[in-house]
Amino acid sequence: MCSSDLFPSHDTYSKEQKSCGNHQCGCSSTPHTHQHEDPLEKELKLKNYKIIECINLGKFDDALELSEDFINLITTNFGQQHPFYCSALNNKAFILKTCGQFDEANALFEEVIEKYKKIYGDNNEKVVISMHNLATSLKEAKEYERSLEIYEKLLHKIRKEYIEVEGEKTGKLRLNIIANIYNSAGDIVTGK
């Protein structure tokens with residue numbers, strides 16, 4: 001699962017609104033405003049898009065190279081304790097896992113989990129998704145016992161924090177994520 005939190009819907013960056021005034025932009029016959037995208041945000045979006053495009057085309061070496069540039073750009077502008085950095089590492093780990101480089105991928109997934117825990121706490125959705133990514137990678141690497149240990153922790157966490165207890169929800173987690181975790185954990189038990 002590639003991360004999608006690099007460009008959240010809320011206004012993370014300052015955006016400047018400008019009116020086209022004289023209708024010089026050609027996009028409308030009535031006065032209106034444009035939200036002008038921050039150049040850094042635009043560059044990050046473009047790099048992220050190119051990485052995803054390379055993955056979809058099976059160009060994993062190109063995706064990995066772009067991913068390194070992406071991580072460096074994020075590190076320079078936001079540091080390594082920022083959620084963007086975690087997302088970029090998660091995406092690199094996904095590429096490595098897809099290429100069968102499980103040891104490197106798993107080390108990155110573990111780093112992402114720890115960084116997300118420091119940023120959001122243990123029960124955040126991003127921590128849960130990252131744990132699921134690690135468990136899936138371990139399963140694909142045929143490290144079934146370690147994978148099953150993580151799935152057991154995840155299932156316990158889901159039952160404790162996210163599923164209704166006496167009519168009250170103790171946390172929020174999208175149902176498709178819960179379903180994916182249960183499905184993946186079931187695959188280990190049944191040997192798929």
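**Helix packing and a pocket**

Mentor: Helix 1 and helix 2 run roughly antiparallel to each other, because angles over 145 degrees are classed that way. This is a predicted model, in which local features need pLDDT of at least 70 and side-chain atom pairs count only at pLDDT 80 or more, while totals for chains, interfaces and linings use all residues. Residues are numbered from 1 along each chain as its sequence is written, and side-chain values use heavy atoms, without hydrogens or water.

Trainee: At what angle do helix 1 and helix 2 pack?

Mentor: Axes are lines fitted to C-alpha atoms, for helices over the stretch in contact, and angles run from 0 to 180 degrees between N-to-C directions. Helices are DSSP runs (H or I, at least four residues), numbered from the N terminus. Here helix 1 (residues 39–56) and helix 2 (residues 60–78) pack at about 160 degrees, with their axes 8 Å apart. Their crossing is left-handed (the near helix is turned anticlockwise from the far one by less than a right angle).

Trainee: Which residues make that contact?

Mentor: Contact means heavy atoms within 4.5 Å. Among the residues involved are Leu44, Ile51 and Ile55 of helix 1, and Phe70, Leu73 and Phe78 of helix 2. By class, the contact of helix 1 with helix 2 has 12 nonpolar, 3 polar and 5 charged residues. Ala, Val, Leu, Ile, Met, Phe, Trp, Tyr, Cys and Pro count as nonpolar, Asp, Glu, Lys and Arg as charged, and the others, Gly among them, as polar.

Trainee: How do the axes of helix 3 and helix 4 cross?

Mentor: The axes of helix 3 (residues 83–98) and helix 4 come within 8 Å and cross at roughly 160 degrees. Helix 3 is therefore roughly antiparallel to helix 4, and the crossing is left-handed. Phe94 of helix 3 and Phe109 of helix 4 are among the residues that meet; the contact divides into 15 nonpolar, 2 polar and 5 charged residues.

Trainee: What is found for helix 4 and helix 5?

Mentor: Their axes come within 9 Å and cross at roughly 165 degrees, so helix 4 is roughly antiparallel to helix 5. This crossing too is left-handed.

Trainee: How is a pocket read, and what is the volume of the second largest pocket?

Mentor: Rolling a probe the size of a water molecule over the atoms shows where empty space is left. On a 1 Å grid over the protein atoms alone, a pocket is an open set of points where a 1.4 Å probe fits, with protein on both sides within 12 Å along at least five of seven lines; lining residues have an atom within 4 Å of a point. The second largest pocket has a volume of about 160 Å³, volume being the space filled by probe spheres set on the points, which are joined across faces, edges and corners. Helix 4 gives the most to its lining, with 4 residues. The lining divides into 4 nonpolar, no polar and 6 charged residues.

Terms used
Helix = DSSP H or I, 4+ residues; strand = E, 2+ residues; numbered from the N terminus. Parallel < 35°, antiparallel > 145°, perpendicular 65-115°, else oblique.
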